[in-house]
Amino acid sequence: MLKSEYLQRVYTQVVTRDPDQKEFHQAVLEVLESLDLIVEQHPEYEQKGIIETFVEPERMICFRVPWIDDKGAVHVNRGYRIQFSSAIGPYKGGLRFHPTVNMSILKFLGFEQILKNSLTGLPMGGAKGGSDFDPKGKSDGEVMRFCQSFMTELNRHIGQFVDVPAGDIGVGAREIGYLFGQYRRIRGSYDAGVLTGKGLEFGGSLVRTEATGYGLCYLTEEMLKCMRKDSFEGKTVVISGSGNVAIFACQKATQLGGKVVAMSDSNGYIHDPNGIDLDVVKDIKLGHRGRIKEYAERVPGSTYTEGFRNIWNVPCDIALPCATQNEIDGEIAKIIVKNGAMAVAEGANMPCRPEAIHVFQEAGLLFAPAKAANAGGVATSGLEMSQNSMRYSWTFEEVDAKLKDIMTNIFHNIFNASVECGVPGDLVVGANIAGFKKVADVMLAQGLI
C-alpha cells in the first residue's frame with residue numbers, strides 16, 4: 001500500500017479507469033512507490049494535480065492498418081500512437097511491431113519513456129506506438145506494404161517538432177526505411193528529423209544501432225566502479241535476447257573484459273562456456289533472421305536448450321536481461337542470486353517483475369532499472385535529431401563519446417537522487433525521482449494543469 005493518501009487515490013483512479021491494463025498499472029505503481037518518499041515535501045504536486053496529469057497520456061491514437069500480402073489477400077491490423085508527455089520536448093519513443101502489442105503495453109512503455117528521456121538530459125518528451133502486426137516470416141514486399149499503410153495514417157500525427165518515432169521490437173532499419181519513404185512521399189518534403197534509426201545514407205547516426213547495448217554496459221560499468229570499485233574485467237555475463245540490444249551489449253561487455261556465456265531468443269537459449277562467438281550470432285540474427293539454436297550446430301562445445309527463461313539457470317556474475325518485459329519473476333531472481341550474481345542491469349523495458357527486484361535488492365545485488373540502464377538508444381536518437389537539424393554528421397567516435405558521457409551522467413544523477421531521498425544505492429527510486437522531478441518542475445512552470 002502507498003503511504004500517501006494522494007498517491008493511493010491517483011493509483012486507484014488509474015486502475016479503475018483501465019482495469020485490464022496490468023502492465024501499465026505495474027509501471028505506474030513502481031513510480032508512485034518512489035514518489036511516496038518525497039510527495040509530502042511537495043504539496044504543490046497535489047494542489048496543481050501534477051501526478052494525476054502525469055499518469056494520463058496527452059493523446060491516444062488508434063487506427064486500422066489494411067495491407068495486402070503477396071497472394072493478394074487483404075489483412076487488417078491495428079495501429080497505435082500513445083503521445084504521453086510533451087512537457088520537455090517533442091514526443092519521442094519507438095514503434096513496436098509484434099502480436100502482443102496492445103494499449104496496456106504501449107501505455108506502460110510510453111510512461112517509462114517520459115522518465116527515460118528526462119534522464120538523458122536531452123529535450124525529449126515521452127511516447128510509444130506500434131501495431132499487432134508480426135513482421136516475422138513476412139516478405140520484404142509485405143512488410144513494405146504494411147509500413148506504407150501504417151504511415152499513411154500516422155504521418156498526420158508526427159513531425160520533427162511534434163513527435164519523432166524510432167524503432168523498437170520488430171521495427172529495424174528495413175521498417176524505418178519504408179516508413180520514412182512513405183512519409184516523404186506523402187508530405188513532399190525531406191523532413192529527416194521526423195524519424196530516428198534511419199540508414200546512414202539518409203540522415204541516420206553512427207552508433208544508433210549499437211547505442212542501447214553499448215549504453216547498458218557503460219552505465220553498468222560506472223555502477224560497478226562507483227558502488228563496488230569493480231568492473232566487467234574477468235566477469236561472467238549472461239544476456240537474454242539476441243536482438244540489437246543483446247548483440248551490442250555482448251560486444252561492449254566483451255570489449256570491457258567480460259565473458260558472455262549465454263544468449264537466447266523466444267524459443268530457447270545457447271550456452272557457450274568458452275564465450276559467445278558474436279560473429280556467428282550476428283550472422284544468424286542480423287544476416288538471415290535465423291533462430292539462436294543454429295549457433296549450437298555451428299560452434300563446437302556450445303549447447304542449445306529449449307525454453308528461453310531457463311537461460312537464468314546459467315551461473316553468472318552480471319545478468320543483463322535484454323529480451324522482453326516481465327521475463328524474470330521472483331523465483332528466477334532467487335536462482336540468479338543463488339548462482340552468485342553481483343549485478344543486474346535491465347536492457348529490455350521492465351524485464352524484471354517487482355518481486356524480482358525486491359529479491360535482488362534484499363540480497364544486496366546492484367540493480368539498474370531499464371529507464372536508466374537502457375536509455376542509450378533514445379539518447380543517441382536525440383543525437384541523431386541534433387545532427388539532422390544541423391545537416392551534419394558526427395564520427396562514430398564522437399557519438400560514442402557523447403553516449404558514454406550521457407550514460408555516466410545518468411548513473412550519477414540517479415545515484416545522487418537515491419542518496420538525497422535517504423535510500424543510497426536504490427537506483428530504482430533514484431531513477432524514478434530524478435526523472436519525474438525534472439518533468440514535474442517543467443509542468444509547474446508551464447502551468448500544465
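**Exercise 1. Find which residues Ala348 touches, not counting residues up to four places away in sequence, and state whether Ala348 is buried or exposed.**

Step 1. With contact taken as heavy atoms within 4.5 Å, Ala348 touches Pro321, Cys322, Ala323, Thr324, Ala370 and Asn374, once residues up to four places away in sequence are set aside.

Step 2. Ala348 is found in the loop between strand 11 and helix 13, where helices (H or I, at least four residues) and strands (E, at least two) are DSSP runs numbered from the N terminus.

Step 3. The relative accessibility of Ala348 is 8%, so Ala348 counts as buried; the term buried means under 20% relative accessible area, exposed means over 50%, and partly exposed lies in between, with a 1.4 Å probe and protein chains only.

Step 4. Ala348 and Ala373 are 25 residues apart along the chain, and their C-alpha atoms are separated by 9.0 Å.

Before going on, note that this is a predicted model, in which local features need pLDDT of at least 70 and side-chain atom pairs count only at pLDDT 80 or more, while totals for chains, interfaces and linings use all residues. Residues are numbered from 1 along each chain as its sequence is written, and side-chain values use heavy atoms, with hydrogens and water left out.

**Exercise 2. Describe the secondary structure of the protein chain and decide how its radius of gyration stands against the globule rule.**

Step 1. The protein chain has 17 helices and twelve strands.

Step 2. The radius of gyration of the protein chain is 21 Å, which is close to the 22 Å that the globule rule gives for 449 residues, so the chain is as compact as a globular protein of that length. Here the radius is taken over C-alpha atoms, and the rule is 2.2 Å times the number of residues to the power 0.38.

Step 3. The C-alpha trace spans about 60 × 55 × 45 Å along its principal axes, and buried residues make up 57% of the 449 residues.

Step 4. Of the contacts between residues at least 6 apart in sequence, 72% join residues at least 24 apart.

**Exercise 3. State how many salt bridges there are, and work out which parts of the chain are tied together by Lys107 and Asp18.**

Step 1. Side chains of opposite charge can pair when their charged atoms come close. A salt bridge is counted when a side-chain nitrogen of Lys or Arg lies within 4 Å of a carboxyl oxygen of Asp or Glu, and by this rule the count comes to 19.

Step 2. Because Lys107 lies in helix 5 (residues 103-120) and Asp18 in the loop between helix 1 (5-17) and helix 2 (22-35), the pair ties together parts that are 89 residues apart in sequence. Both Lys107 and Asp18 are buried.

Step 3. Another salt bridge joins Arg174 to Asp140, with the closest N and O atoms 2.8 Å apart. Arg174 lies in helix 7 (residues 173-187) and Asp140 in helix 6 (residues 140-154), so this pair ties together parts that are 34 residues apart in sequence. Arg174 is buried, at a relative accessible area of 16%, whereas Asp140 is partly exposed, at 46%.

Step 4. Lys235 and Asp230 also meet in a salt bridge, at 2.7 Å from N to O; Lys235 is buried at 11% relative accessibility, while Asp230 is partly exposed at 27%. Elsewhere, salt bridges that share partners join Glu30, Glu112 and Lys371 into one network.

Step 5. Leaving aside neighbours within four places in sequence, Glu112 is in contact with Ala27 and Lys371.

**Exercise 4. Locate Met350 and Arg391, and give the phi angle of Met350 and of Arg391.**

Step 1. Met350 lies in the loop between strand 11 (343-345) and helix 13 (354-362), and its phi is near 50°, a positive value in a residue other than glycine. Met350 is buried, with a relative accessible area of 5%.

Step 2. Arg391 lies in the loop between helix 15 (376-390) and helix 16 (396-420); its phi is near 55°, again a positive value in a residue other than glycine. At 69% relative accessibility, Arg391 counts as exposed.
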